[in-house]
Amino acid sequence: MIRAPLVAGLIVVLSAGCATRGAVREIAAHLKTVRTDLGILREAQIVLIREMTTMAADAKAAKGATEELQQAVSAASADVGRLAARLDAAEHAIRPVREVVETRTVPVAPPPPADRPRETRGGSVENAYTAGLASFRAREYGQAILDFLDIVTKRPTHSLAPSAQYWIAEAYYVQHDYRQALVEFQKVVDWGSANPRVADALLKAGLCYNNLRETSRAQQAWQRLLREFPGAPAAAQARTLLSSLRSSTRR
């Protein structure tokens, strides 16, 4: 430590004019000590500055690493959320199919005589159709598909069968499973022109294609609807959709 009071006292002695050679030597020795102490302090100061600089750099690096880790965690969380959503959607989409498969694998009684049609799940076709509509309106789409599929497979010649097939397709459509909905709507179209649901099926098929960003195929479906069923209520909607599609294409 620098001896400040002692140095001050020696300076006072010199200024008073009463210094001896011994006093001068003592002053010189103390000055040397002061210089040594000052050098030590300067070296300590330099060391402290270096340590502070290193600590600041380490803190900055640690902060950067922490931010990178936080970003990585956020990205991983987002990926997990997207995967979970895709998994839920896949589970939701496959549930009706799984239910159908499980229903078909359950042992059934021997088929009835050939001259009598097989009974549907709800007894009569009308009851099964009503039950399917009730399930659809309750958003129980898996059960609705089962009810309507029961009609289509057991009573395909019944007048309600084409409409049952349409509602199967509609159940997939409202669940945004546009690929499967297209398959089911095509079955309605293939039923024949006498089927009153063909026009509606063509309209919805076009909407499926549009949702899948296949605009040219959407136009083809709606143009076919206008050619074959120009007076159907669905034709008016098809004209509006085609006009809107052409307007958006010209922009």
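User: What is the secondary structure of the chain?

Analyst: The model is predicted. Its chain has nine helices and zero strands, so the order from the N terminus reads α-α-α-α-α-α-α-α-α.

User: How much of the chain is buried?

Analyst: Of the 251 residues, 29% are buried. The accessible surface is about 16700 Å², and carbon and sulfur atoms account for 59% of that surface.

User: And what share of the contacts join residues at least 24 apart?

Analyst: The figure is 53%, taken among contacts between residues at least 6 apart in sequence.

User: OK, helix 6. Which residues are buried there?

Analyst: Tyr178, Ala181, Leu182, Glu184, Phe185, Val188 and Val189. Helix 6 covers residues 178–190, and its 13 residues reach 18 Å from the first C-alpha to the last, close to the 18 Å expected.

User: What do those buried residues pack against?

Analyst: They pack against helix 5 (161–174), helix 7 (198–211) and helix 8 (215–228).

User: Take helix 7. How do the axes of helix 6 and helix 7 cross?

Analyst: The two axes come within 9 Å and cross at roughly 155 degrees. Angles over 145 degrees count as roughly antiparallel, which is why helix 6 is described as roughly antiparallel to helix 7. The crossing is left-handed.

User: Which residues meet there?

Analyst: From helix 6, Tyr178, Ala181, Leu182, Phe185, Val188 and Val189. On the helix 7 side they meet Val198, Ala201, Leu202, Lys204, Ala205, Cys208, Tyr209 and Asn211.

User: Why call helix 7 largely enclosed by the rest of the structure?

Analyst: Because eleven of its 14 residues are buried. Those are Val198, Ala199, Ala201, Leu202, Leu203, Lys204, Ala205, Gly206, Leu207, Cys208 and Tyr209.

User: What about the span of helix 7?

Analyst: The end C-alpha atoms of helix 7 are 20 Å apart, and 14 residues at 1.5 Å a residue should span 20 Å, so the two agree.

User: What follows helix 7?

Analyst: Arginine 213 follows helix 7, and its phi is positive, near 65 degrees.

User: Asparagine 211 came up. How does asparagine 211 count by relative accessibility?

Analyst: Asparagine 211 sits in helix 7 and counts as partly exposed because its relative accessibility is 31%, between the cut-offs of 20% for buried and 50% for exposed.

User: Which residues does asparagine 211 touch?

Analyst: Tyr173 and Tyr178, leaving out residues up to four places away in sequence.

User: Switching to helix 5. Is glutamine 165 buried or exposed?

Analyst: Glutamine 165, which lies in helix 5, is buried, with a relative accessible area of 3%.

User: What is glutamine 165 in contact with?

Analyst: Apart from neighbours within four places in sequence, Val152, Glu184, Lys187, Val188 and Trp191. Among them, Glu184 and Val188 also belong to the buried residues of helix 6.

User: Last one, serine 135. Where is the place of serine 135?

Analyst: Serine 135 is in helix 3, residues 125–137. Its relative accessible area is 8%, so serine 135 is buried.

User: And which residues does serine 135 touch?

Analyst: Not counting residues up to four places away in sequence, serine 135 touches Glu140, Gln143, Ala144 and Asp147.

Conventions: Residues numbered from 1 in each chain as written. Predicted model: local features only at pLDDT ≥ 70, side-chain atom pairs only at ≥ 80, totals over all residues. Heavy atoms only, no water. Helix = DSSP H or I, 4+ residues; strand = E, 2+ residues; numbered from the N terminus. Expected span 1.5 Å × (residues − 1). Buried < 20%, exposed > 50% of the residue type's maximum accessible area, 1.4 Å probe, protein only. Contact = heavy atoms within 4.5 Å. Areas by Shrake-Rupley, 256 points an atom, 1.4 Å probe, with all protein chains shown as cover. Axes fitted to C-alpha atoms, helices over the stretch in contact; angles between N-to-C directions. Parallel < 35°, antiparallel > 145°, perpendicular 65-115°, else oblique. Left-handed = near helix turned anticlockwise from the far one by under 90°.
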